[in-house]
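Hi everyone, thanks for coming. Let me put the structure up, and then we'll walk through a few places together.

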Amino acid sequence: MPTSAEPTRDTAAHDGATHDTATAAHDTNDDVWKSDEMVAQWVAGAAERERRRAGQRRLMAELLPFDDDEAFTFVDLGAGTGAATKVVLDRFPRASAVLAEYSPQMTAEGERALSGYEGRFRYVEHDLARGGWPDELPSTVPAVISSLCVHHLPDPRKRALFSEIFEHLAPGGWYLNYDAVSTEDPVVEAAWLRAGDRLDPEAAAKRAHRSPEEERRHENHVRHMIPLAPQLGFLRDAGFEGIDVYWKELDYVLYGGRRPASG
Ligand SMILES: C[S@@+](CC[C@H](N)C(=O)[O-])C[C@H]1O[C@@H](n2cnc3c(N)ncnc32)[C@H](O)[C@@H]1O
């Protein structure tokens, strides 16, 4: 049985799950991320997943415009156990992180996972679905990162979040997001599945034989997931420049941009 709360590849379009149909229904996000059992399963699979995405994590850190020995504080939104944070802290030994997270279980696991970085990180409780920028977060930061979390937010919140990030970035400050996206093009979707199944020979069987619990996790995973293009549009509308998809493989992307240096 897979030990991941991130299901095997299967797109939102494939399931017919869209943000429009999901918004009125009970939001299952809490059921996944505030469940001891689900979080324990997610943590159990973390080492293997992190091995697979080490390159993307590293690239996110390399895109940050800081000198090797520069002291700066960044914010990690929906930080979970701090997998993205850790890579930035390793890359920039004088950096400090503020991790925004709404799950007590993920926060507790993160406190443990980051214990070797004592004094360089703190968690702030924050529900990204509610919005606003809590006072406990620095009001101006030179960098904000997020990974594998924005896809859990309904579209109006994705859009509003990108504006909130922009407002709280220092001039020239960067926002980078690593996440999964969906597609509305069935040809693209079939290509993603074909290649994904060839790269992971167990993927098709896992998809075909989900337990009810895995099915719930999968539904939660895809329910607010949307294509890449509108997300880049939200960045543009918020005022970001230097917007690019800095890395992409099938349905996983690393995109971002910066607040203009003046203005
Ligand atoms: C797939 S995990 C990714 C964690 C981490 N960013 C990483 O890359 O390993 C998704 C995280 O988003 C958090 N999350 C989901 N919805 C959230 C919300 N509304 N507000 C804050 N965090 C949220 C979950 O609790 C979980 O820690």
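This is a predicted model: local features need pLDDT of at least 70, side-chain atom pairs count only at pLDDT 80 or more; totals for chains, interfaces and linings use all residues.

Residues are numbered from 1 along each chain as its sequence is written.

Let's start at the ligand. Which residues are the closest to the ligand? They are Trp-33, Gly-78, Gly-80, Tyr-102 and Ser-147, out of 20 that surround it, where being near means a C-beta atom, placed from the backbone, within 6 Å. That shell divides into 10 nonpolar, seven polar and three charged residues.

Now the inside. The largest nonpolar core has 49 residues; by core I mean buried Ala, Val, Leu, Ile, Met, Phe, Trp, Tyr and Cys residues joined through C-beta atoms within 7 Å, and buried means 20 or more other C-beta atoms within 10 Å, with exposed at 12 or fewer and partly exposed in between. Phe-74 is one of the members that touch the most others. Apart from that core lies another, of seven residues, including Trp-33 and Met-38.

Last, two leucines. Most residues other than glycine have a negative phi. Leu-148, however, has a positive phi, near 60°, and Leu-250 has one of about 50°. Leu-148 counts as buried because it has 20 C-beta neighbours inside 10 Å, whereas Leu-250, with 19, counts as partly exposed.

Technical notes:
Ala, Val, Leu, Ile, Met, Phe, Trp, Tyr, Cys and Pro count as nonpolar, Asp, Glu, Lys and Arg as charged, and the others, Gly among them, as polar.
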